[in-house]
Amino acid sequence: MKMQITMQNKTQTRVLLISIKPCYIEKILDGNKTIELRKTKPKLKPNDFILVYASSPKQSIVGWLKVNNIIYDTPRKLWGQVKKQAGVTKKEFDSYYKNSKLAVAICFDLKYTTDLSLNTVRQTWENFNPPQSFHYLKSEEVCLAESITGYSVFEKTENLSPECE
């Protein structure tokens, strides 16, 4: 039986647009960073997706990540769990979480890479604005992101629903 992806399916899976510094993007692409650190709990669950934007000076969409797990803890406790996959030194970690009581680790797999400049993205997605930290994509934005990157976050046997064409 073939499965058709509908907009309802798209709303059940969250997609987060996240800005990451280029130095950390390189570590993700090299496989040396499989955890993204944040100070705020995102509303994500395993199997949700992240569209990655490389911040200035690169300013481009660079790929898709699939969420495996999210860990919340104090910074002191979190470091012991993530130090090998976070792609940061202890000094960088401590500096980032200085005065924070909550530390968040988003564990992910790199699913797809691309390199689309901000200008290229805005040719199709006219009102695209990279977030300072992160932004939850609406279903129509997910469709635009899929179209621009050539990657679908939904495994399927048919084309996207008419809403995404």
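Me: Anything to know before I start on residue numbers and cut-offs?
Reply: Residues count from 1 along each chain as its sequence is written, and side-chain values use heavy atoms, without hydrogens or water. In this predicted model, local features need pLDDT of at least 70 and side-chain atom pairs 80 or more, while totals for chains, interfaces and linings use all residues.

Me: OK, β3: how many of its residues are buried?
Reply: Six of six, across residues 49–54. Buried is under 20% relative accessible area with a 1.4 Å probe, protein chains only; strands are DSSP E runs of at least two residues, numbered from the N terminus.

Me: Which residues sit on each side?
Reply: Phe49, Leu51 and Tyr53 are on one side, with Ile50, Val52 and Ala54 on the other.

Me: And which strands does β3 pair with?
Reply: β1 (residues 15–20) runs parallel to β3 over six bridges, with Ile18 partnered to Val52. β4 (residues 60–73) is antiparallel, also over six bridges, and Ala54 partners Ser60 there. Pairing takes at least two DSSP bridges.

Me: Switching topic: how many cavities of 30 Å³ or more?
Reply: One. A cavity is a set of points on a 1 Å grid over the protein atoms alone where a 1.4 Å probe fits but cannot get out, and lining residues have an atom within 4 Å of a point.

Me: What lines it?
Reply: Ile25, Ile28, Leu29, Val52, Val62, Gly63, Leu65 and Leu110.

Definitions and conventions
Buried means under 20% relative accessible area, exposed over 50%, partly exposed in between (1.4 Å probe, protein chains only). Helices (H or I, at least four residues) and strands (E, at least two) are DSSP runs, numbered from the N terminus. On a 1 Å grid over the protein atoms alone, a cavity is a set of points where a 1.4 Å probe fits but cannot get out, and a pocket is an open set with protein on both sides within 12 Å along at least five of seven lines; lining residues have an atom within 4 Å of a point. Grid points are joined across faces, edges and corners, and a volume is the space filled by probe spheres set on the points.
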